Amino acid sequence: MLATLASATLTGVEGRSVTVEVHVADGLPGFSIVGLPDASCREARDRVRAAIVSSGASWPLRRITVNLAPGGLPKAGAGLDLPIALGVLQASGQLPAELPSIGAFGELGLDGGIRPVPGALPLADAVAGELVLVPVVDAQAATHVAGDRVRPVRTLTDVVRAFVDGEPWPDPEPSSTDDAAVTFAPDLADVRGQPAARVALEVAAAGGHHLLLVGPPGAGKTMLARRLVGLLPRLSAAEALEVSRVHSAAGLPLPAGGLVSTPPFRAPHHSASMAALVGGGSGRARPGEVSTATCGVLFLDELGEFAPSVLDALRQPLEEGVVRVARAGGTSVQPARVLVVAAMNPCPCGMGGELACRCPPAARARYARRVSGPLLDRLDLMVRVDRPDPAALLGPAGDSSAMVAERVAKVRQLSSARGVRCNADLTGDALDEHAPLEPQSATILERALVAGRLSGRGLRRVRCVARTLRDLDDAGPTLRPTDVLAAIGFRARPLVEGSHG
Amino acid sequence: MADWTRTTAVTALAQLPGIGPVRLDQLLQAGDPVDLVGALCAGSPPPPGLGRIDEAGSWSAILASVDPGALAARLADLEITVTTAGEAAHPDRLAHDIDPSPVLFRRGRPVPTGSPAVAIVGTRRCSAIGREVARELGHGLAAAGVVVVSGLALGVDGAAHAGALAAEGAPPVAFVGGGPDVVYPRRHSELWHRLVAEGTVASEAPPGAAPARWRFPARNRLIAAVADVVVVVESRSAGGSLLTVDEAIRRDRPVMAVPGSIRNPAAAGTNGLLADGCAPVLGVDDVLVALGLTSIVGVGLGGAEVDVPSHLRAVFDAVDDGPTSVDEVTVRSGRPVLDVVTSLAELVASGHVVDDGVRVRRA
């Protein structure tokens, strides 16, 4: 007898439909799986057999062949355990032959329990079938894409009872994530002093402009960066789904409710490999940090300590807003619309410019060179962060995150009206239309270009930042000379060895 | 083949292996260099009194392979002037020094003889503050018409030269270890060429000579010999600049030192000098007074009054000669951050202020 079920497997952040065919026929007892299963998928044989026996059903002592179609698509992970088990039960007559078309994914335990798998959201989106059986923990997230087709299942026995005895399906269970794991953004009011950095944070949040903080250790660079995410608007419904999809595919815990609703904050360690940062790796192309941080903040602390090749791999995603990870099995496109905040010390010992700096000039020059010019060219804002003086530390608090977020939201609304997510996304004609230069502003830019202080890419980015500055001020239609000058003033420049100490 | 001239003959002799300033002096004392080169080419032994020279055997072959015409063309091409003791263009102080310098290869202007000269020396591995002080002293002295003499090394030397060039006052002089055409250290390539164009780069080493270790102490003696006062900005406790100080003391030149923090290892040598009774430098004025010049108002550390557009004045006044962050400028000027960033961008564009990536200082 033959049973056919729908399921899905994960490639990058996309679910791909898979059809599971189970054939039970006379012959020598045996169990084989064909159709490009990877190692964890082949091990399904042992898990499925144990789970069926533990659930009180009987294991058919016949020849069992499982085909995973399409045959050319590599299947990864244990998510196909559940459809294979259901197929065996149906093909051996232990489930009714006349059932609505079933889609399912989930990993089986030897006791017949059904465990969650990474990527529930994209998988549920890709699975066909009138009913989609999903592990209870993944059910809430799956509902956001598969709606009322979702049926939460806890054990294999639940499924048999529901289909054979007509018992109700179990209720979905919130994921085990406690609220502490959800991004917690501390308040900007905690930061005393640092006037330049505060303005830069606000501009970065309002226009989606990448930011580089340079300063000695303990000056508050990390503290500032962590507060940026609290200034960003909440995710729109589409963004929330996109972020949740990536987080689900990366195996990150989803918050209660199954959807990520606040902008993510990701801070990879500087030892991160290229695959960890931009995605990839062997087998299925896992989303990297630049993708899990999409629609949010990617914080690169100790920028100078990252491997230069890893940093340069960020250049394309920053430009295009997506990562293309090419693997032998195919190319996977993953979202990467991040706001980069980077922090670095001015020199290896961190004291750059102070008397205590112990770095020989050559070491300082080497350190400054670690961040390549092309990457710097993509960072729109650069500020020096120094330890605030005592008067500022004891002085009055600045604007709170809520106050700044309100101004940021206003600018973002203006951007939406221009048809982009944020001003940093303005290009070509849209830029000419929404950010026309006053004649004097054009002269200033021309001089900066001639003097070599600005590249072609830099020109566009300066205009975007100038647009944000004007939006934050009075939202007038044109870019005034002061807007353009301030944008040039904020722009990242190579650290000059020697003169900065 | 063209004939040997005095210039090419002296250069060829200086390029011989085993020949340093002392033996070159002896060779030139022994007779006319053109005759000497002819004799050596013909296989005659070197004149007596030079001591044992292992490499002397190869001299005749080396000299025979030199084309005097090509050598003259190369000197002309590099715009290298060769002066020997006794010529008017040869600095008097070097010709009559206790360790006389027989030959000088120089690019750029002649070494000025009439104006007062101050050597600014110090460690290559100086602190940021040391670098700034060297720069400001170089700037202030050059602006006051004093020739700044140093060695174009990394650290204090280079900063002093850069400051002197920026002042557009008296053109600075550099004595270097290798040939005047051998740029060393490479990092100072730009500064080197600016000195060639606007000041002087001079050496005892002939064109093409590598900056060998043994040449640097000899070079230090030239710096001490030419200067009226030697100022040490920062020196480690056993630093090479203390060799310059020894040479200055041998010649009775006043030595002055810039005090540093007792926690700063780069200032251990200078603080030691001060403890030994050497005069401290607290500003350009101290050096000018030591030179017997009356101090010039406005040429203290900090530079002269600069003309800036009135709307940028408040921000410009908040910028130091050393690295200043936007935060500092904001607090001092009391202006909003965006205003400060805008004004600084304008000041950078107009050249009043330079930025190093994250901080600014006065140009």
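Modeller: Helices here are DSSP runs of H or I with at least four residues, strands are runs of E with at least two, and both are numbered from the N terminus. This is a predicted model, where local features need pLDDT of at least 70, side-chain atom pairs count only at pLDDT 80 or more, and totals for chains, interfaces and linings use all residues. Residues are numbered from 1 along each chain as its sequence is written, while chains are lettered from A and ligands numbered from 1 in the order in which they are written.

Biologist: Good to know! What does the secondary structure of chain A come to?

Modeller: Chain A has 21 helices and 16 strands.

Biologist: And why is B:Ala128 called buried?

Modeller: A residue is buried if 20 or more other C-beta atoms, placed from the backbone, lie within 10 Å of its own, exposed if 12 or fewer, and partly exposed in between. B:Ala128 has 22 such neighbours inside 10 Å, so B:Ala128 counts as buried. B:Ala128 sits in helix α7 (residues 128-143) of chain B.

Biologist: How much of chain A is buried?

Modeller: Of the 501 residues in chain A, 53% are buried.
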